[in-house]
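Here are some notes for reading alongside the model. Please keep the sequence and the structure open, and look up each residue as it comes up.

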Amino acid sequence: MPLEMKRNFALGLLAILGIASTLEPQDSTHKTTEPAAAMQTQGAVSTGGAHAAVLDGEKRPITAGGFVENGPVVFQDVAEKAGLTGWQHVMGDEDPRFILETVGSGVALLDYDNDGWLDIYLVNGSTYDAMSGKTTPPQAALFHNNHDGTFTDVAQQAGVTNDRWGFGVAIGDYDNDGWPDIYVSNFGKNRLYHNNHNGTFTDVAEKAGVALGNWSTGATFGDYDGDGRLDLFVPGYVHYDLDHPPVPGSAAVGFADCMFRGMKVMCGPRGLLGEPDHLFHNNGDGTFTDVSVKAGVADKNRYYGLTGVFADVNNDGKVDLMVADDSTPNYLYLNQGDGTFEDASYTSGYALNENGRETASMGIAVGDYLNTGQLDLYNTVFSDDYNPLYRNDGGANFTDVSYQAGIAEVTIPFLGWGTGFLDYDNDGWKDLFVANGHVYPGVDKTDWGTTFAERPLLFHNLRNGKFETVPAVKGTGLAAVLTARGAAFGDLFNDGKIDVVINQLQGPPVLLRNVYATRNHWVALQLIGGPKSPRDAVGATVYVSAAGVRQRGDVISGGSYASSNDFRLHFGLAEATKVDGVEIRWPSGKVEHVSLPAVDRFFSLEEGKGIVPGVHDPKPSLPLNHQN
């Protein structure tokens, strides 16, 4: 249906959508096995109702089972070997009583010292005792890449330990000085760590006017007004009071008991007051101005925002804004080009799933999985519901094609968080990864067919609009059972393969190194914006053509679940040994075409200059007669 028809249709129904979208649909295309069970959920989360348990051959829930002896080996967890497991993520008590302890934190991949190798920033949570000063607060980690497969935590020296109850992280060079800065969203005041160019950072959030307060989540940088400076969007989740937590029957909760499928659980988000969203305009002098209301993205409905992401979904050269909302409709705001956004959440088809029902959305993957030049969207949601894949039909018209793509039913027992499109086998078609983990430890004592710790999912792109599930081979990364939350994607070893870093709710991080055996070729591009674009090129779109396939890549800050990915754009080339053409659409509006002289390497491309010398360039060989 064209966007205008969708808009007119939606306007006639908005009066009833607020009610109808909260009910189990009577004529759903895909019904649950026990629709009445949805009525057993109150003061908790929105789901699609109860589903029959899915067990493997050993009678284990499929979320922690279904492993195979043989198959393609894609990932290996090398976190211990890499030196990451000495750091632990902490999020409240191991037996959580309140929603603040269940959501978990994100992870960012960034080259903070500009040495050409990705470093890892892991947000940490906190505890009630730490917040009251009774114990030392947990600290975030900044793992410096040692270029040899190992990492060293330098957070203390760098001044980025946060020491607050952390949730999200977004990367962006907000002052265009050529060095990435770090925004950390917290319960409490947020941090904006300015990069000092010497391995240290300074928190300037208060001075910049972006500290906020209460509960912020997955932020995103993007130049929404085209002035060449990165602006900042920060979603809000639940308005939370440590002194008056959401205890059933209290003034903060509208229910005598909070239930999920008949089991008493911690309350929220439904029944709790939401926290508004904020858009900060970059003033160019180190400060920001809150323009949320003026721009039309303030979230007057107080939905429960978890992840925001700026990306151009209607190909007009201006970044639009998507927000994954928990148990409430998702937002999609179209950039009007005049400093304001149009709320196209319903008319675009992104607010609800194909059943006309809101989902408990956690994360967002953004990518052109069909190679049509359109950005598609994928949301991770709560268990007992499927993760919706929204195909972009052009003009910001989205269709939920999850069942058509063959990846709906398999996700129903899982509770998804971090997610991303990635070409793990370099065949030129984007695959899809999902990190999973439940929020209720009590599910391990039920017969629902789900578990607290869950394995990740990887879907291989079949190039015809469908995906197939990559089997979880025993002893490999896809068979790791995790309480996953944030996930970030990038080439940590500069070997032309995309790896995944996962932040768990409790415990050490996971580094899934891509070890897939393939002879397919690749190319990766680091973009540098000109005077009228953000220096880190956030918001740029690149089209790479090779062997008859035209791929799209976008430089995006934020997304996944409260995380931030490698800014370098990676393109698998399959068997192609040359790139036929590269088209770059810079945030300034300038369009350039570049020829690449080789494959299987990184190139630095600067606006207006083409290929420029970069830190990834091969080092010249020393002459045979060279002596030290």
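1. N114 sits in the loop between β2 (107–110) and β3 (119–122); here helices (H or I, at least four residues) and strands (E, at least two) are DSSP runs, numbered from the N terminus. The phi of N114 is positive, about 55°, although N114 is not a glycine. Most residues other than glycine have a negative phi, and most peptide bonds are trans. N114 counts as partly exposed because its relative accessibility is 29%; buried means under 20% relative accessible area, exposed over 50%, and partly exposed in between (1.4 Å probe, protein chains only).

2. The model is predicted, so local features need pLDDT of at least 70 and side-chain atom pairs count only at pLDDT 80 or more, while totals for chains, interfaces and linings use all residues. Residues are numbered from 1 along each chain as its sequence is written, and side-chain values use heavy atoms, with hydrogens and water left out.

3. N214 also has a positive phi, near 60°, and is a residue other than glycine. Its place is the loop between α5 (205–208) and β10 (220–222). Is N214 buried or exposed? With 17% relative accessibility, N214 counts as buried.

4. A cis peptide bond joins G268 and P269, with omega about 0°. P269 belongs to the loop between β13 (263–264) and β14 (278–282).

5. N145 lies in strand β4 (residues 141–145) and counts as buried because its relative accessibility is 2%. Which backbone atoms does the side chain of N145 reach? One is the backbone oxygen of L118, at 2.9 Å; another is the backbone nitrogen of H147, at 2.8 Å. Both are polar contacts (a pair of N or O atoms within 3.5 Å; within protein, one must be able to donate a hydrogen and the other to accept it, and residues adjacent in sequence count only if both atoms are side-chain atoms). Leaving aside residues up to four places away in sequence, N145 touches D115, W117, L118, D119, T150, F151 and L492, where contact means heavy atoms within 4.5 Å.

6. The largest nonpolar core has 57 residues; such a core is a set of buried Ala, Val, Leu, Ile, Met, Phe, Trp, Tyr and Cys residues joined through side-chain atoms within 4.5 Å. Y121, L142, L192, L525 and L527 have the most contacts inside this core. A second, separate core has 37 residues, including F98, V265, A360 and L415.

7. R302 is in the loop between α6 (292–295) and β16 (304–311). At 33% relative accessibility, R302 counts as partly exposed. Its side chain reaches the backbone oxygen of G274 at 2.7 Å. Not counting residues up to four places away in sequence, R302 touches L273, G274, E275 and P276.

8. S345 is found in the loop between β19 (341–343) and β20. S345 is buried, with a relative accessible area of 2%. Beyond residues up to four places away in sequence, S345 touches N330, Y331, L332, Y350 and A351. S345 and M322 are 23 residues apart along the chain, and their C-alpha atoms are separated by 8.7 Å.

9. How many cavities of 30 Å³ or more does a search of the whole structure find? The search finds 7. On a 1 Å grid over the protein atoms alone, a cavity is a set of points where a 1.4 Å probe fits but cannot get out, and lining residues have an atom within 4 Å of a point. Grid points are joined across faces, edges and corners, and a volume is the space filled by probe spheres set on the points.

10. The largest cavity holds about 500 Å³ of space. Its lining has 30 residues, of which V366, F421, D554, N565 and D566 lie nearest the centre. By class, this lining has 13 nonpolar, 10 polar and 7 charged residues (Ala, Val, Leu, Ile, Met, Phe, Trp, Tyr, Cys and Pro count as nonpolar, Asp, Glu, Lys and Arg as charged, and the others, Gly among them, as polar).

11. The second largest cavity has a volume of about 100 Å³. V45, I99, T102, Y237 and V439 lie nearest its centre, among 14 lining residues.

Technical notes: On a 1 Å grid over the protein atoms alone, a cavity is a set of points where a 1.4 Å probe fits but cannot get out, and a pocket is an open set with protein on both sides within 12 Å along at least five of seven lines; lining residues have an atom within 4 Å of a point.
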